[in-house]
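Hi everyone, thanks for coming.

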Amino acid sequence: MSSIPTHAGTRRPLIRLESVQKSFALPNGERFDAVQSLSLEIAEGEVFGLVGKSGAGKSTLLRLINLLERPDAGAVFVGGHDLTTLSRRELRDRRQNIGMIFQQFNLLQNATVFDNVAFPLRIHGRHSRAEIDARVRECLDLVGLAEKIDSYPAQLSGGQKQRVAIARALAPRPQVLLCDEPTSALDSETTRALLETLRAINQKIGVTIVIVTHELSVVELLCRQVAILEQGCLVEQFAIDAAPTAERATVLGREIDALVRRREREAPPPPARQHATGGLSYA
Ligand SMILES: Nc1ncnc2c1ncn2[C@@H]1O[C@H](COP(=O)(O)OP(=O)(O)OP(=O)(O)O)[C@@H](O)[C@H]1O
Ligand SMILES: [Mg+2]
């Protein structure tokens, strides 16, 4: 296990990586270690950020969680199952429990919003038409996009496309939602709205969110826990907290703390003080 303490509290870990390792073959025949003997626990219901410089191994680590990348060594537990030991068929079933969204949305361009969201339910083949219809509408309601059900992706904005991708990822009722730079293609206002949606979904249905991002503001706005990667290693992990209890080990850690403190300073005063100062409204 990692020597870096986790702060997941008393909730049980839903995701547990044990000494996972992943290397890639380089053109010159050597191997490059993208993730190096890394251990990590993520609690059920957590909103967990993975940050680090470009090439630090964030996407590789995220893809190890659903075995889009198979580790060279180590174990990947999600919901108590070590995914590395499963047969192809068992793995396909267990992956229903892990949704994923990407920077470029990856929607089916020739399918309507309805058909995009229905896609994972249809390929699994265990649902009636009525069940699929009800679940698609439920998921589109969750992301606030019910009125676009008959639109095609080309008719949607970037933020709306990402909402469709979220609805599609949630359709099979996964316990985990993996997000790889989900807001990098969006402007800052759309980013904020999308982060609010992710936060609301986490609170409403309890889905555990793991989000890779290079935007520290995303971590500060959305995450309760963050892990920092450098050269394939987990170098620091802590709870996002207005009152940090420890000096951070990394520059990124200190920058996240500074953002949290700044937001605290800039937050509107509590209602009682608003009255005392003449009833200022921050609506
Ligand atoms: N399929 C692959 N074959 C060879 N090398 C790879 C492969 N996938 C990733 N790498 C290398 O592994 C390292 C980590 O890549 P990864 O995509 O995980 O980084 P990242 O932290 O997500 O970066 P970014 O912020 O740019 O997305 C990089 O040096 C990358 O070039
Ligand atoms: Mg990446």
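How do the residues of the shell around ligand 1 divide into nonpolar, polar and charged? The shell has four nonpolar, seven polar and one charged. Here Ala, Val, Leu, Ile, Met, Phe, Trp, Tyr, Cys and Pro count as nonpolar, Asp, Glu, Lys and Arg as charged, and the others, Gly among them, as polar.

Before going on, some housekeeping. This is a predicted model, where local features need pLDDT of at least 70 and side-chain atom pairs count only at pLDDT 80 or more, while totals for chains, interfaces and linings use all residues. Residues are numbered from 1 along each chain as its sequence is written, and chains are lettered from A and ligands numbered from 1 in the order in which they are written.

So who sits around ligand 1? Among them are Phe 24, Phe 32, Lys 58, Ser 59, Thr 60 and His 214; a residue counts as near if its C-beta atom, placed from the backbone, lies within 6 Å. Both β2 (31-43) and α1 (58-65) supply at least two residues of that shell, and the largest share, three residues, comes from α1. Helices (H or I, at least four residues) and strands (E, at least two) are DSSP runs, numbered from the N terminus.

Zooming out, the protein has nine helices and ten strands. Its C-alpha trace spans about 65 × 50 × 40 Å along the principal axes. Of the 283 residues, 36% count as buried, meaning 20 or more other C-beta atoms, placed from the backbone, lie within 10 Å of the residue's own.

The largest nonpolar core has 67 residues, and Ala 167 and Val 210 have the most contacts inside it. Such a core is a set of buried Ala, Val, Leu, Ile, Met, Phe, Trp, Tyr and Cys residues joined through C-beta atoms within 7 Å. The most comes from α5, with six residues. Domain 1 (1-97 + 179-268) and domain 2 (109-173) each give at least three residues to this core, with bounds from an automatic or database domain assignment.

Leaving aside neighbours within four places in sequence, Ala 167 is in contact with residues including Val 117, Cys 139 and Leu 145; contact means C-beta atoms, placed from the backbone, within 7 Å.

Val 117 is also one of the buried residues of α3 (residues 113-124). The buried residues of α3 pack against α4 (129-142) and α5 (158-170). Just after α3, Gly 125 takes a positive phi of about 70 degrees.

How values were computed: A residue is buried if 20 or more other C-beta atoms lie within 10 Å of its own, exposed if 12 or fewer, and partly exposed in between; C-beta atoms are placed from the backbone. Two residues are in contact if their C-beta atoms, placed from the backbone, lie within 7 Å.
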